[in-house]
Amino acid sequence: MHLELAAQLTIDGLLLGGVFALAALGLNVIFGVTRIVNLAHGEIIVLAALCASVAFQQRGITPIAMLPFAFVGGAVLGAILERIVFQRLPSDPAGAETTSLLLTFGVAYFIVGFSLAVFTGDFRSTPYLTSGLQLGPISIGESRLVAFVAAIAIAGALAVLLRATPIGRALRAASQNLEGARACGIDIGRMRTISFALGSGVAAAAGSLFSMIYAVNPDSGSQFTLLSFSVVALGGLGSYAGTLLGAAILGLAVSFAGFFGSAQLGQVMPYVIFIAVLLFRPNGILGKGAA
Amino acid sequence: MSHTFFSRALAAALACATLGLVVPGRTFAADQSPIVIGATISQTGSYAVDAKYALEGYQLWIKEQNAKGGLLGRKIELKTYDDASDPATAVSLYERLIDQDHVDFIVGPYSSAITAAVANVAEKHKMPMISPEVSAAAPFSRGLHYIFMGISQSTHYVEGAIAIAKANGYKRVAITGEDSAFPRSIAGALPDITKAAGLEVVYSELYPHNASDYSAVVAKIKESNADALLSISYFPDAIGMLRALKQANVAPKLVYFAVGPTELNFGKEAGKDADGVLATTNWSANLKTPNNAEFASDFSTTYGTPADYHAAANYASLEVLGAAILHAKALDQEKVRDFMANTKMRTVLGNYEVDPATGLQLGYTSLTLQWQGGKQYIVAPAAMAERKAIVPFADWSKR
Amino acid sequence: MSTLLEVDNVARSFGGVHALDGVSFDVAEGEIVCIIGPNGAGKTTLFNVISGVLQPSKGDVRFRGRSLRGMPSHRIAGAGIGRTYQVVRPFDRLTVLENVMVGALLHERGLAPARRSAAAVLEAVGLERFAGAPAESLTLTQRKRLEVARSLATRPKLLLLDEVMAGLTPTEGDAMCAFLRTLHAQGIAAIGAVEHVMRVVMSISHRIVVLEFGKMIAQGTPAEVAAEPVVIEAYFGSAT
Amino acid sequence: MSDRRIAISLVVLLVCAIVPPLGSGYVQSVFYIAVLYVALSYGWNLIAGYAGYLSFGQVTFFGIGAYAVALGVTRLHLPWLLCAFAGGAIAAILAIPLGYLMLRLRGAFFALGMLGLAQTTRIATETAPFTGGSSGVYLPPGSNTLPAYYWTLAVLALAMGLTLWVDRSAFGLRLRALRADERAAGTLGVDVTRFKVIAFVLSAIVPGLLGGGYAWYLTYVDPASMFSTRIELQTVAMVILGGIGTYWGPLVGGALMSQVSESLGARFPQGHLMIFGGLIVAVLIALPRGIVPAISPARARRAARTAAAA
């Protein structure tokens, strides 16, 4: 295998990893604090992608200009969901986990129905930044490069927010020890809402950028949920560095497996790795998994 | 333990059960009640996007026919349900159309999976059913007597593109497409067709349904340095593949995406990247077929968007059904069936003629179109071509 | 009395942190041993190792001469080691009787015999009035007794009681002590893990093991241990 | 001790047995879909309701059963009923190793791990040489509604029987104990892994058997329809609405929802999924245990019975 092909596949793999990381970061934020795994994560990404593509077709707003709006929209949606849906979880941990799973399942079902009603079943995407940059023999898709840079930026911003700002420290305390944080007077309820808002906001921002990369319709959500899970499971729940690393590994695996194996093998890679990682390294590579 | 709940559940179960028994049959006088045509459409689920204008195709024919006094002096009505792209739902809805709504005739649903399941209902009730949206042969050649193919066979779809490749000396062919029923019905026939045309297949692999990434497939196409790319794609994967080609700066001399680019919003989504892309359609507004021009203009004035081949195929299927009813001079299923099996007639799609034994379409041919300057033009077969095919596919840098 | 349980130089660490280090002691049949140590001294970790929830990093645990290494917790329970938990949590959506029946089903074949023996155990711990009630409706002390009843129903030879005294009023503590003595009478050995409550511990224990930061700092009869300077300094402050 | 539930279940099954042949083709197909989804719900309830492991991949076994009949009939020319039985057997045999493997996961990871398993099986069926790949398999055409229906009804009876057995057996009691607290159940002598795997296998046999009937009913199978997440998610939604982990939950949720989606779906196709999603969230908030326990608190009834016996 000559050098040029290896370089191209590596670049494609890393860029794909950036896309995967962007999808998974939001999931990590929510799980980190609330230990709730949001099954509607993919649906929020797809809803944002659909809005972004309509905004572009009808008002010419580019997906990048849409980022802040998507983030705020996603954050508001996340806060509402957390308030309405998750404040009523039963006290015992096993019951809470099952019920939160069922609740987010119901929310996902609702969002798919809502998207169908508003956007119909059509596949939508945004024809923006569709060309590729040429670096000698290597070509780099512009939209994926943007997603890669955005993933690094958002992960960095999250890391800074969690370490440097008071809210961030409170969030981190809550994620490490809920009882301890409550004992220090941190309003756990507010922290849960903020983490949901933040997580859903990041997911929506990812969705806005994805409209440049994928053609999606309301049914495409579960695909992104499963993809984000594979990344977070590989990288370890609650660890941002883990998410980036997990995403990179997955992207490379899909890219190389797709070339040397078959396209089907590439498509199956996330699921296979997801199941393998969970069985042999339950906490993922860098993560502090569920107790 | 409270009895009330269970007695209520029991009563509900019984009520629902007797529904079928006692609902009075629709009594209607011999002639002036409307002739009702029933069908299911995939408005939700995975087939929703392809079956977009199926409903409008039916509605337009009925509107025009009613304006001409309907059939046998009776108004025509359409009764449709959404089968949500699910075979079991479609079967139940066709049973409902026939047993419950007492429709007089039925027309086929979208996709070979649903048609294969619904064919049993048609056979059981001995009601002829034209399938305007199924071009794969498999559902038909199974000893069925009541279903007929209302569109050209999928194996002919690629002939135009192959002829263009042969004419321009593009010997090295890469074959790909989505791994699902319709694309496989074509990709399966391609090796023989390409060999017959003296072309060499240098790469052949299908990508999975709703693939998340095409860069690996494109990398292999690049490695194979194929001259012609034949990709049997629907709309979303055609867009995905086109973008992956552009981002990898891969521009084979001939690029064909089967039915994906036939949809008008392929141009909207791809913009000027669409120029040069070849595709297959079964209909064009400029076809020299009987009242085709009226159909095209009537469709765009009524629905504000130009017709596509789905709408034309559905319209043509009712043209055949209408002719069969007129010929039978009565709502006689067997006479209509025999007419559909043996007639040779011209519709907006062209010459309708099926093999009486299998119901496979022999008359209709498919056309090859090319995106040029943001619009679609028929480029093959020569007799119906509006413009010459522009080849090679322009490099990404020169667009 | 033949030795029932041998804890032989057991150690357990969680990524560098030594929760237990070099703990060794024996328990004879019917003997009551109390393990004393502040919170985090490794009492619960020791119970987790003995009951098979955790495997020891070093050392071994033998029960009636047979090593428990690698044995899953359900087979250790089958061998005759019952266990209660510091954080008491009954099986929700099951009634009090059903909670105890789960334990009884270890040896009983079928629901009817299990129901009978569970009812008998409920009576022994004085919860028979609540048999049909949902387990979540019990008070803390009743839940503690339910926890003991569940394990008793498995007919254990050795019962591990994790903080079973904590949170009980003096009278409830005495009632629990009386109950533990009946265990001794039935030949059931017991290891009680206790954070303090010295008076009760001294009165019912045949032997005492003192743990601090995972290490054994003293072992012996209540009198011997009380005389240990290390223990006095840790628990009684300066002798007043 | 006669359990009122057996009597009522038999009545329901009897009604479902008598009515369809008397009704029109439409009534038969409506009964088929309702009975199919109620049976799938009972199957799914065994692992999710009684063992507390939410699976989003039981449709894997449904697809395996469907392909057992499709390939058995078209390639081996065996009678379809035999193949349908074989489908259940194959599902059970595969469920044992898969159970030991997947049940090491918990909560959302198990749920999505199983979803991944279903997707992987679909893609494997699409690419495997002997399964006809994504072009699917055409069975001999014919209106097999009634034979497929009675097979499905028999499997429903089996699934209800299994649920009743689990609900009233020593196995079921210990299974429900491990649902509440696996570690505590383990130290009370419950072989947690083996019990979970048994529940998983039972929960795989039911869809494994049902798949064969579905293939015979449609006379066409392809990976996308047989391993479809839509079938899985609709089953999950039904059990949640009816009442997860209860005996009547799957019947109420299954019957109710398949009827509502039948009529609702046809009238306004775009909106009805949204209504179901909203309904699920509302039910989960208002009635955490689903509709059934809210109407007849099963626990109070069962408690009264055990107290009387003590």
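**View 1. Helices H3 and H4 of chain D pack against each other in this predicted model.** Here H3(D), residues 59-74, meets H4(D), residues 80-102, at an angle of about 140°, and their axes lie 8 Å apart. That angle makes H3(D) oblique to H4(D), and their crossing is right-handed. On the H3(D) side, look for D:Phe61, D:Ile64, D:Gly65, D:Ala68, D:Val69, D:Gly72 and D:Val73. Their counterparts in H4(D) include D:Trp80, D:Cys83, D:Ile90 and D:Leu94. By class, this helix contact has 13 nonpolar, four polar and no charged residues.

**View 2. Chain D touches chain C.** The contact takes 24 residues from chain D and 32 residues from chain C. On the chain D side, helices H7 (170-180), H8 (182-187) and H15 (298-309) each supply at least two residues. That side of chain D divides into 14 nonpolar, four polar and six charged residues.

**View 3. Six strands of chain C form an open, mixed sheet.** Follow the strands in the order S6-S7-S8-S3-S9-S10. S6 (81-83) and S10 (215-220) of chain C stand at the edges with a single partner strand each, so one side of each has no neighbour in the sheet. From one strand to the next, the twist averages 15°.

Technical notes:
Residues numbered from 1 in each chain as written. Chains lettered and ligands numbered in written order. Predicted model: local features only at pLDDT ≥ 70, side-chain atom pairs only at ≥ 80, totals over all residues. Axes fitted to C-alpha atoms, helices over the stretch in contact; angles between N-to-C directions. Helix = DSSP H or I, 4+ residues; strand = E, 2+ residues; numbered from the N terminus. Parallel < 35°, antiparallel > 145°, perpendicular 65-115°, else oblique. Left-handed = near helix turned anticlockwise from the far one by under 90°. Contact = placed C-beta atoms within 7 Å. Nonpolar A, V, L, I, M, F, W, Y, C, P; charged D, E, K, R; others polar. Pairing = 2+ DSSP bridges.
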